[in-house]
Amino acid sequence: MRRIGPRRGLAICLLGALAGLAGSAVRMLPAPSLCTAATYPHHVALVVELGDGESVGRCVGFNASSISGEEVLQASGLEYATQGYGSLGQAVCQVDEEPAAYSTCLPSSGSYWALFTSRAGGAWQAGDVGISSLDFANGDAEGLRYDPETGPDPAPPSPAGVCAAAGSSVPASGGAPSASPGAAGAGASPALIAAAAVFGVLLGLAGLQLVLRRRRT
Amino acid sequence: MSTRSLAVWSASGLVIALSTSNPVYRVVVLLCALNLLLARGRRGSGARILLTGIGIAGLIATLLTLLLSHTGRHVLVRLPAGIPAIGGPLTLEALAFGLATGLGIAAALLAVAPLTLVSQPHELVDALPSPLARTGAALGAALNLIPGTLRSAGEIREAQRMRGWRARRVVDWPAVAVPVVLTAIEGSMTLAEAMESRAYGTSARTHFGIQRWAPYDTLVSVTALLAVAGFLALVATGGAPGWFPFPVLSAPAISVPALLCCALLVVPSLRVWP
């Protein structure tokens, strides 16, 4: 077996650390947003109520006269997964890693993502088709609620105020506007940065161990 | 480093690797085990063979999952449906799940590898509690029989070749097999006599106290137990979600506390201690 010299080992060590840092840096770049700088004439509010009751609000801007529900979700920067249901379109299976794992998108028992629409500031209406089959115009709102399927089926919090100042992300619970602009708030993930850092450190340490091991012989 | 603290560490790493389907945590366990082998592994202990075996096992797991699981939205290639078992779509989701499975196997194997690649066999027997010492010695001797027989088979084969023997048909092999069996029986008798002459089975086994439990071993054991306890608690409470790529591939969720629990396993690799 070809021996790895101290310099090459050190290079491996540095490469490991750099890979970890690069992974962190790439993730820290802001996610692409249709809402940034409030340059878009039309806006749709997105309200997502997670299983623990926490609500997330995003304002999505667009140029065309309408935008599909899936495009709104995509532009929000939130993690999501869908599954096709024939002519009904795509059903939402997962949003923001909730549920963490699933085998059936719309289970017969358990929780699922319920879809709501609000037209021109009106009340929430339950969606009757998939998210890809819904179109939204300026001033509409899209709502998603992780519903336990048993008991009452309340609508998500009101979308009022989410797009009050286009270009800023406002918590749907009515709190103070976030400092992060638009839907780019979903950019950096501390967990991913931590994972990249741990991988980088462990790979760097392995490179160092290799160098020390070679030196001992 | 005490073999008992190493055993605690290995058990912790194994439990973590097997209790989650999340590849992120498995990679951390794998890297911690790799660091430990690089830092404390014995030279000439067969690490290369083990790593090759782990690589092959991971590859087989990946291929089997890719070929047999036809679930997932992103189709990479379609095999003719007429091919039994493997016919149908081969998906990106199945490939990812296969890789995660292979990673789990590799992490689990590497977690227990230090028991043989860092410790000596007699240290493992010494590390057993006294009620298990006799069983451990018998098991150790039995396990040693396999490499011993293989070694003996190689030597006898070489000796027969020097005498002009060539294996052309199956009926030629008894020329090697018979001496191997006889040598194994003779070796067993010799081992039994050697064990009896050392008073095996009369009382508790005595040995030189070469390995002493140091404060460092306490640190290794405590951190390993903290890691596995914390991780299992997070798994039980949903704080360390697993990962399932079907039907649509998604990035695994990462929990920082669970990540830190796994990273605690790096402690024995830090060479600030002897």
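1. Basis. This is a predicted model, in which local features need pLDDT of at least 70 and side-chain atom pairs pLDDT 80 or more, while totals for chains, interfaces and linings use all residues; side-chain values use heavy atoms, without hydrogens and water. Residues are numbered from 1 along each chain as its sequence is written, with chains lettered from A and ligands numbered from 1 in the order written.

2. Salt bridges. Over all chains, the structure holds 3 salt bridges. The term covers a side-chain nitrogen of Lys or Arg within 4 Å of a carboxyl oxygen of Asp or Glu. Side chains of opposite charge can pair when their charged atoms come close.

3. The network. Salt bridges link Glu49(A), Arg145(A) and Asp147(A) in a network. Arg145(A) meets Asp147(A) at 2.4 Å, N to O. Arg145(A) also forms a salt bridge with Glu49(A), where the closest N and O atoms are 3.6 Å apart. Arg145(A) sits in strand β9 (residues 141–147) and Glu49(A) in strand β1 (residues 42–49) of chain A, so this pair ties together parts 96 residues apart in sequence. Strands here are DSSP runs of E, at least two residues; helices are runs of H or I, at least four; both are numbered from the N terminus. Arg145(A) and Glu49(A) are both buried. Asp147(A) is buried as well. Buried means under 20% relative accessible area, exposed over 50%, and partly exposed in between (1.4 Å probe, protein chains only).

4. The loop pair. Asp140(A) forms a salt bridge with Arg119(A), the closest N and O atoms being 3.1 Å apart. The pair links distant parts of the chain, 21 residues apart: Asp140(A) is in the loop between β8 (135–136) and β9, Arg119(A) in the loop between β6 (112–118) and β7 (125–126). Asp140(A) is buried, at 7% relative accessible area. Arg119(A) is partly exposed, at 39%.

5. Chain B overall. Chain B has 10 helices and 2 strands. Their order along the sequence is α-α-α-β-β-α-α-α-α-α-α-α. Of its 274 residues, 38% count as buried.

6. Helices α7 and α8 of chain B. Helix α7 (residues 133–162) packs on α8(B) at about 140 degrees, with the axes 9 Å apart. Axes are lines fitted to C-alpha atoms, for helices over the stretch in contact; angles run from 0 to 180 degrees between N-to-C directions. That makes the two helices oblique. Angles under 35 degrees count as roughly parallel, over 145 as roughly antiparallel, 65 to 115 as roughly perpendicular, and the rest as oblique. The crossing is right-handed. Leu145(B) lies in α7. Its C-alpha atom is 8.0 Å from that of Ala184(B), 39 residues away along the chain. Leu145(B) is partly exposed, at 43% relative accessibility.

7. Nonpolar patch. Val178(B), Val181(B), Leu182(B), Ile185(B) and Met189(B) make a nonpolar surface patch of about 480 Å². Patch residues have over 30% relative accessible area and no salt bridge, with nonpolar side chains joined within 5 Å and like charges within 9 Å. Val178(B) is in α8 (residues 174–197). Val178(B) is partly exposed, at 47%.

8. Between the chains. The axes of α3 (residues 190–216) of chain A and α2 (residues 23–40) of chain B come within 9 Å and cross at roughly 15 degrees. That makes α3(A) roughly parallel to α2(B).

Terms used
Areas by Shrake-Rupley, 256 points an atom, 1.4 Å probe, with all protein chains shown as cover. Left-handed = near helix turned anticlockwise from the far one by under 90°.
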